Amino acid sequence: MGRALLGCIADDFTGATDLANNLVRSGMRTVQTIGVPGDEAATVDADAIVVALKSRTIPAADAVQQSLAALRWLQGQGVQQVYFKYCSTFDSTPDGNIGPVTDALLDALHGPGQGFTIACPAFPENQRTVFKGHLFVGDQLLSESGMRNHPLTPMTDANLVRVMQAQTRRRVGLVAQHVVARGAGAIRARFDELQGEGVSVAVVDAVGNDDLLRIGEALAGMPLVTAGSGIAIGLPQNWRNAGQLKDDVAADVLPSASGSRAVISGSCSLATNAQVAQFKATGGAAFAIDPLELAAGADVAGAALEWAGPRLAQGPVLVYATAEPEAVKSVQAQLGAARAGEVVEQALSSIAIGLVRAGVRQLVVAGGETSGAVVQALGVQRMAIGPQIDPGVPWTAVQSPVCAGETVHMALKSGNFGAPDFFRKAFAMLGQQR
């Protein structure tokens, strides 16, 4: 049993599976834990470990505390490099949590105020690119994309140097794309130049996968990397070059799938709205959750489960709180953003438990916050990472005490990820593997 090479700290559950997916695709046997494992002594047999936290939108001090606990556990696993993973849309506010967690991890690894790392949320396969320090979603600046209306972390500035500088006490600089295009040597030289100028965090441009591979090579031996999931594509080759990673390992094999199928959707992103609309337009059975009814005390979860029961044998069912931005704003104006999110997460978690008890063994969950709530409600502790459905979203296999340890296949989908036909595509993939 070997020690893990890469230890990752992800700030939400869909982001964790997104990262694990890219590592598996690159040939690293990857285990994802839900929260920081309690057993300090147990060694995980994997090339990479991803600790999934639910820390993206909690108070910054709590996010720092949880991230440092994850770091200590990963250090106990003997990892050679630490990876702090955040969203490819750099979801955060001027108070954090990306900057404060980065500061805390650098302090822990290098000493107060010391150390150097990068910041790069680029994931070109999912239309997330960084150019001249500005983050693009497709052809739009981040600040002009649907993220400007995010209910918890509205992103109104695409300049990542400026966004990151507002969150960290360290100085932030830029490694521009023309430097990245010249290769790993030029990137490392720019790192040295920035450090000489007193910069401790370098935003790095990336507009294609070739850039990610060059950046990955330049990061060999860097104690801390902070990034979206895209940078993970370029890291495994460093251990392969060092003879520490084998090429002939099938890293994405899962058990055969069985049981009923369901989708639970709490995301209100543009991508998920399109996915819900297509599922319904193609005849899918769907039940809408009304946050105002939940807040008024109605047993919406019970009604959803009663509705779903006779339909599970006929095909996948969808239970959703997904809504357009104006509808979300209206609910938040009446309940407050925190209360609206809380009642929806509680209801969807209860529905997930009921669906699994009713025989659902193939479950798609849309939305980072929703995924975190559902996974915790089901008592999942670890996830085996399987094949990719769409860029950034793999199937996983888990065990839950809700169904006496039977295998449940789960796909945790970031709100912004996936094609419009994602839900049906996901189940078709599992059906082909039976």
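**Close-up views of a predicted model**

View 1. Strands here are DSSP E runs of at least two residues, helices are H or I runs of at least four residues, and both are numbered from the N terminus. This is a predicted model, in which local features need pLDDT of at least 70 and side-chain atom pairs count only at pLDDT 80 or more, while totals for chains, interfaces and linings use all residues. Residues are numbered from 1 along each chain as its sequence is written, and side-chain values use heavy atoms, with hydrogens and water left out. Ala286 has 28% relative accessibility, so it counts as partly exposed; that class lies between buried, under 20% relative accessible area, and exposed, over 50% (1.4 Å probe, protein chains only). Leaving aside neighbours within four places in sequence, Ala286 is in contact with Lys280, Trp307, Leu318 and Tyr320, where contact means heavy atoms within 4.5 Å. For a sense of scale, Gly208 is 78 residues from Ala286 in sequence and 37 Å from it in space, C-alpha to C-alpha.

**View 2. Strand β15 and its partner β12.** Strand β15 spans residues 360-366, and seven of its seven residues are buried, so the strand is largely enclosed by the rest of the structure. Strand β12 (residues 260-265) runs parallel to β15, with six bridges between them; two strands are said to pair if DSSP finds at least two bridges between them.

View 3. With β15, β18 pairs in the parallel sense over five bridges, and Val365 stands opposite Leu412 in β18. With strand β17 (residues 393-399), β18 runs antiparallel and is joined by four bridges. Val398 has Val408 in β18 as its bridge partner.

**View 4. The open sheet β6-β7-β8.** Three strands make up this open sheet, in the order β6-β7-β8 and with antiparallel pairing. Its edge strands, each pairing on one side only, are β6 (128-131) and β8 (140-141). Between β6 and strand β7 (residues 134-137) there are four bridges in the antiparallel sense. A handy pair to find is Val130, which stands opposite Leu135 in β7.

**View 5. Gln167 in its loop.** Gln167 lies in the loop between α4 (160-165) and β9 (172-175). With 8% relative accessibility, Gln167 counts as buried. Its side chain reaches the backbone oxygen of Thr93 at 3.2 Å, and the side chain of Gln167 also reaches the backbone nitrogen of Ile98 at 3.2 Å. Not counting residues up to four places away in sequence, Gln167 touches Ser92, Thr93, Pro94, Gly96, Asn97, Ile98, Gly99, Pro100 and Asp103.

View 6. The protein is divided into domain 1 (6-241) and domain 2 (260-431), with bounds that come from an automatic or database domain assignment. Their centres, taken over C-alpha atoms, are separated by 27 Å. Domain 1 brings 28 residues to the contact and domain 2 brings 32 residues. About 2,400 Å² is buried between the two domains, and carbon and sulfur atoms give 59% of that area; buried area is the accessible area (1.4 Å probe) that two parts lose on being put together, summed over both. Thr14, Ile34 and Lys54 supply 23% of the area that domain 1 buries against domain 2, more than any other three residues.

View 7. Two salt bridges are counted between domain 1 and domain 2, each being a side-chain nitrogen of Lys or Arg within 4 Å of a carboxyl oxygen of Asp or Glu. Lys54 forms a salt bridge with Glu345, with the closest N and O atoms 3.3 Å apart. Nine residue pairs are in polar contact across the interface of domain 1 and domain 2 (both at pLDDT 80 or more). A polar contact is a pair of N or O atoms within 3.5 Å; within protein, one must be able to donate a hydrogen and the other to accept it, and residues adjacent in sequence count only if both atoms are side-chain atoms.
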